[in-house]
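Hello,

Here is the structure for your files. My notes on it follow below.

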Amino acid sequence: MAPSTVVVTIEKPNTIPLLEFNDTNSSVFLEKQKAASPKQLTWVLLLKAHKIFSLIPWLAMASRATFNSVKKRMALLKIQEEEGKNRGRLYSFLRLFLAISIVALVVEIVAYLQKWDLKLIHPWEVQGVVHWTYMAWLSFRVDYVAPLIIMLSKFCIVLFMIQSIDRLVLGIGCFWIKYKKLKPVIERKAYDLEDSSSFPMVLVQIPMCNEKEDFQKFMFLPYQDKLFLDLVYAISIAAASQLDWPKDRLLIQVLDDSDDEILQLMIRDEVFSWKEKGVNIVYRHRFIRTGYKAGNLKSAMTCDYIKDYEFVAIFDADFQPNPDFLILTVPHFKGNPELGLVQARWSFVNKDENLLTRLQNINLCFHFEVEQQVNGFFLNFFGFNGTAGVWRIKALEESGGWLERTTVEDMDIAVRAHLNGWKFIFLNDVRVLCELPESYEAYKKQQHRWHSGPMQLFRLCLPAILTSKISMWNKSNLIFLFFLLRKLILPFYSFTLFCIILPLTMFIPEAELPVWVICYVPISLSILNILPAPKSFPFLMPYLLFENTMSVTKFNAMVSGLFQLGSAYEWVVTKKTGRSSESDLLALSDRETKTLSEEKIQRRVSESGLEMLGKLKEQEAPLMKKKKKRNRLYRKELALAFLLLTASARSLLSAHGIHFYYLLFQGLAFLVVGLDLIGEQVS
């Protein structure tokens, strides 16, 4: 058969013709190809070009906005001295390390361009003084520097793997709890609903201090919108006043430590308004404000009427418990005389506000669902979160009550209660709404307090732990797992290994870290951490990079607390925005269709409260003119950014691959954080 012959087979199954071509080089087939291909190719190219060109304006606008923001920040902001003398030592070390790295990079670039043979050992082949100095440095580096770096890196890798195993064990424990559907249970009829005397006496405490959100955000709102604006203190007071519990068996203490007289009047007015509605609520203000939150709670527990109450529930000012909170928590104490604490989980009203809140949500979801739940179920012990929990007052009193010796009074009382034999329960399915810090400044200060306080407490509690009557297993868990591994080792190795040793090994290739240390294991741990918040998987890589950027703050705080430096005793109230729950937001959207009668308004704002609010704004106005709120620059983060970018440039010369990409993106992450481009942006 000739090659150009076309065989056409015609069949009629179901009267449908079937054409079969055995020669694709036929003139008919080629004509169809020529007719279709140019049009298809043109459309494909046009679509791809359209996608590419549509991104250009967006990239240009984003780059321009970022550049202008950074330019203004660099021009207008004076880097404030946020650190004392002790905290400045870390910055000085990083600055010196950066200078040495830049010099080393210049030398390495010269060596690379000159194509010096790194294995050159014959002195007569040395070309010039610079070449001789470089070869002397190589010899010194191999004999003395590299062994020290290798030893330190191996030590940090061992700590890293121990901590990774701990995370894996916690994850397995959480999986087992979910697989077996294990959770604390209560009797269905713990109390007689028709007999209020069967309910125990419960005290609700709301400690607060200067709980006022940023008035600049709403000072220009219309008057009608201000009626629906929830102040921070009003949210928590209203939520506590609506708890479902017999009124004669419940007392709410509003513990106000504010130093602003007008704000005190506003909070007192809010308390009295609920008191007029029949709520058993009292306002308490200290004249001698010592001891921060611990001093406030300690002072409140000295009231004479406390002896009539059996349990105390504690809520911070931005927490909004559901009405059934006490119904779901207090019954766990019945028939369980060894139970000292019932802790509920936090839930966040602003977790999707910005990238910073999304990343915080990942961390806290793992903390509650994995760490707290596993430790509570298998060990009956975990760190009290300071709020959204119910204590047996007898457990507080027998453990020594609230002490003012650290900035983590919640962890302090939990450890002392555990040493006295009290057990804890964590309820993962009972959630209390609260807020996350929306600015990096507020988040950084919060993390500094959370990581310096445990080290203060460890120094103070170690003798008591060693001499306590608890089992050897519980002592080992407290010392090695609770304090050393999760509070000391974690910030130490994460900063030392990934922020110091890794960039250092780019200039000392003999001590280069293996790929699995900087890539595979961290990514696996990040996936494990993000499992409790599955909707956050798109933020896996930003989460990994951000956790490493926070290591400098956590390491600094850990050292401050361990060695009792001045910054370890700083207490800064985390800023709140006064965000309401979803139901409040829905009510706000329908405000035009509702009347302004008091019965239909969920959050009452009295005329006197509005007058006080006006006075408070007038008082704040001159302060805002003198001190405007701005985004800040963070020196340590910027120093580490340039250090990692310098190391990435060195790794590029050696074609390290993964090391280069990790250092590049981690350096850019430090740069974004150092320029305060993450979190709330102030125009």
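Helices (H or I, at least four residues) and strands (E, at least two) are DSSP runs, numbered from the N terminus. The place of Tyr179 on that scheme is in helix H3. This is a predicted model, in which local features need pLDDT of at least 70 and side-chain atom pairs count only at pLDDT 80 or more, while totals for chains, interfaces and linings use all residues. Residues are numbered from 1 along each chain as its sequence is written, and side-chain values use heavy atoms, with hydrogens and water left out.

Overall: the chain has 19 helices and seven strands. Of its 683 residues, 51% count as buried (under 20% relative accessible area; exposed is over 50%, partly exposed in between; 1.4 Å probe, protein chains only). Among contacts (heavy atoms within 4.5 Å) between residues at least 6 apart in sequence, 81% join residues at least 24 apart.

Leaving aside neighbours within four places in sequence, Ser164 is in contact with Val521 and Leu525.

Regards
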